[in-house]
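This briefing is intended to be read alongside the sequence and the model. Please keep both at hand while going through the points below.

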Amino acid sequence: MKAENNLKDGDIAEAVTVEDLHKSFGDIEVLKGVSLKARQGEVIAIIGGSGSGKSTLLRCINMLEWPTRGRISVHGEEIAMKSDGHGGLMPSNRKQIQRIRTRLAMVFQSFNLWQHMTLMQNVIEVPVHVLGRKRDEAIAEAETLLRRVGLYEKRDAYPAFLSGGQQQRAAIARALAIQPEAMLFDEPTSALDPELVGEVLTVIRDLAEEGRTMLLVTHEMGFAREVASEIVFLHDGRVEEQGAPETVFDNPESERLRKFISSVQ
Amino acid sequence: MNRQDSPDDIADIETPPPLPRLSALMRPHRIAIMAVALALVVLMAVKMRWDWLPEYAGMLLAGFWITAVLLVASTVLGFLLAVPLGLVQVTGPRILSWPARIFCTVIRGTPLLLQLWLLYFGLGSLFPGIPEIRQSFLWPYLREAWPYGLLALTLSYAGYEGEVMRGAFAGVPNGELEAARAYGMSRWKVLTRIWLPRAIHRALPTLAGETVVQLKSTPLVATITVIDLYAVVGDIRQSTYLTYEPLLFLAFLYLCLTGILVTIFRHYENKIPTRGM
């Protein structure tokens, strides 16, 4: 494995660190010891076949799934975990989890916008009701964000009346509204009709270019190659190969990665 | 970046379609039906006796008031009970979910009239034998009939709506709750900001219908000596020897109340437009 060699102690602060992460669902071990480091401003694209554990890895980082073993740190702060009594781990400090989650913005495959709120209400919900910001300031900021993703005119519409691409762009605006230290994208274009993928990728590309820290689970290989500073190839719950996009895509070392790349192209 | 979002504008409908225009009502068959209805009303006004109305207006108003208060109080209190009843059945530990399930099943599985009589004649005859209760500040109320009526109606509404809320809570897409957690909301915030409003919104059409049914359950309290609208009309019939006029007027008043209820619920339903939810 190349993983360890790449974990240099740089002077750039680490936004997200994952060490030796294991996760089992019942008897099935989905993650078998994954380590990962995302420094500030890095875009890490996590690729791999279905069932390779890439979504589970992402969901463990903000504790939507509780790992069975391993350590997770966000911006140098390790998430406190204790034994759950069944051979796994559970968070030992709920307040810490909630605080850390407000620094990691997640964008879901199926958008998960709150359907009883307008786009504007979706975007200001967390700033106002979780982070305690002033409502009028949150609205002003949300207007900027919605304008940025091209949905300012739709700010008073409800999500059910929008296309998938529009909903996902709104979800990205919701993510940006918490001024996250890192963004987690869980297959953000997989639920979209092909003609709507482009508009969402444009927004994500834009964010990558302004130097945001991102962990991106994706099936869009061309896009991963274009925006990622590092590619992580997961196979069967392990990091099979890892490195700069050119290296990984043009000179894959492992046979499995070679097969994977040829199968998706 | 300020792109146009025209290519994927699949829907611009942000408000429900408007009510039918007046011109749509002016079709031959509709005109005929309206003419018959109008003729009936005129006939009733002219051919039947309504001279008793002014004399009993005060009693009717008092009865109307009792019915309205019973309805509003029992639905509000019942709903406050229904929310935890539904919630614990979806997410609660067994020690809470089982009693909730049993409560809803028993309430929904037995006649309201029976529950009302068990409370009034059962509890109502037990209480006077307990000195602590006779001496408590509650006794002046417990001697009356209406608290038992209100209690029975409240429990009934809670039982039915507990079941409705269970379904509504369970039906909120998990992804939306997960998004709420992923953005750092506490359990309480997830419940009050996302889960409950979303569940109520889903349940509103059902709740509207159930509340109308609840209105028409209120006359049962007349059987335990509460003088509601129905009881007043019964009194009027006995003292005027009129058979139909008071009953028709009673029907008219319940229709008015139903209309008010439906309008209120419709208002809240339309606040958030739905589409394939």
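Of the 265 residues of chain A, 50% count as buried, a residue being buried if 20 or more other C-beta atoms, placed from the backbone, lie within 10 Å of its own, exposed if 12 or fewer do, and partly exposed in between. The model is predicted: local features need pLDDT of at least 70, side-chain atom pairs count only at pLDDT 80 or more, and totals for chains, interfaces and linings use all residues. Residues are numbered from 1 along each chain as its sequence is written, while chains are lettered from A and ligands numbered from 1 in the order in which they are written.

**Chain A overall**

- Chain A has ten helices and twelve strands; these are DSSP runs numbered from the N terminus, with helices (H or I) of at least four residues and strands (E) of at least two.
- The radius of gyration of chain A, taken over C-alpha atoms, is 18 Å, close to the 18 Å that the globule rule gives for 265 residues, so chain A is as compact as a globular protein of that length. The globule rule is 2.2 Å times the number of residues to the power 0.38.
- Along its principal axes, the C-alpha trace of chain A spans about 50 × 45 × 40 Å.
- Among contacts in chain A with a separation of 6 or more, 63% join residues 24 or more positions apart; two residues are in contact if their C-beta atoms, placed from the backbone, lie within 7 Å.

**Helix α5 of chain A**

- A:Ala138, A:Ala142, A:Leu145 and A:Leu146 are buried in α5(A). They cover an arc of only 95° around the axis, which puts them on the same side of α5(A); the arc is that of the directions from the helix axis to the C-beta atoms.
- The buried residues of α5(A) pack against α4 (119-129) and α6 (164-176) of chain A.
- The face turned away from the buried side of α5(A) carries the exposed residues A:Asp136, A:Glu137 and A:Ala140.
- Just after α5(A), A:Gly150 takes a positive phi of about 75°.

**Contact between chains A and B**

- The contact takes 31 residues from chain A and 31 residues from chain B.
- On the side of chain A that touches chain B, α3 (94-101), α4, α5, α6 and α7 (194-209) of chain A each supply at least two residues.

**B:Ala82**

- B:Ala82 lies in helix α3 (residues 53-91) of chain B and counts as buried because it has 28 C-beta neighbours inside 10 Å.
- Leaving aside neighbours within four places in sequence, B:Ala82 is in contact with B:Ala158, B:Glu161, B:Gly162 and B:Met165.
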